[in-house]
Amino acid sequence: MSTEAEKKAVRKYQAKCKEVRIKYTEKEISEYNRLQEYLSENNIKVTEYLKNLIKADLDKKGY
């Protein structure tokens, strides 16, 4: 069980974080499945993969 201090620390950390969500519609399920298969086969976490893609794209564009 977490102590109150641990819970407070988690809340403080989470307040500093930002979140981006992505949703696949029924028409896009095949793309979702392709992504999941790639990530699984290469032992990559979805967050790591997306952050790397975004960084590479923004770097390429000079942002």
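Buried here means under 20% relative accessible area, exposed means over 50%, and partly exposed covers the range in between, with a 1.4 Å probe and protein chains only.

Before I go on, a word on the basis of this talk. This is a predicted model, in which local features need pLDDT of at least 70 and side-chain atom pairs count only at pLDDT 80 or more, while totals for chains, interfaces and linings use all residues. Residues are numbered from 1 along each chain as its sequence is written, and side-chain values use heavy atoms, with hydrogens and water left out.

Let me turn to the chain as a whole. Its secondary structure consists of 3 helices and 0 strands, in the order α-α-α along the sequence. Helices (H or I, at least four residues) and strands (E, at least two) are DSSP runs, numbered from the N terminus.

How does the radius of gyration of the protein chain stand against that of a compact globule of 63 residues? The chain has 17 Å, whereas such a globule would have a value near 11 Å. The radius is taken over C-alpha atoms, and the globule rule is 2.2 Å times the number of residues to the power 0.38. Along the principal axes, the C-alpha atoms fill a box of roughly 45 × 35 × 25 Å. Of the 63 residues, 3% are buried.

The surface comes next. The protein chain exposes about 6,600 Å², and carbon and sulfur atoms supply 53% of that area. These areas come from the Shrake-Rupley method with a 1.4 Å probe; for residues, only the protein chains shown count as cover.

I now take the helices in turn. Helix H1 covers residues 4–16, and its end C-alpha atoms are 19 Å apart, in agreement with the 18 Å that its 13 residues should span at 1.5 Å a residue. The expected span is 1.5 Å times one less than the number of residues. For H3, 16 residues should span 22 Å, and the end C-alpha atoms lie 23 Å apart, which agrees.

Which features follow H2 and H3? After H2 comes Asn43, with a positive phi near 50°. Asn43 is in the loop between H2 and H3, and at 72% relative accessibility it counts as exposed. H3 is followed by Gly62, whose phi is positive, near 80°.

Finally, the aromatic side chains. The whole structure holds 2 aromatic pairs. Tyr38 and Tyr49 form a tilted one, 5.5 Å centre to centre with 55° between the planes. Tyr38 lies in helix H2 (residues 29–41) and Tyr49 in helix H3 (residues 46–61), so the pair ties together parts that are 11 residues apart in sequence. Rings of Phe, Tyr and Trp (its six-membered ring) pair if their centres lie within 6.5 Å; planes under 30 degrees apart count as stacked, over 60 as edge-to-face and the rest as tilted.

Are these two tyrosines buried or partly exposed? Tyr38 is partly exposed at 37% relative accessibility, and Tyr49 is partly exposed with a relative accessible area of 23%.
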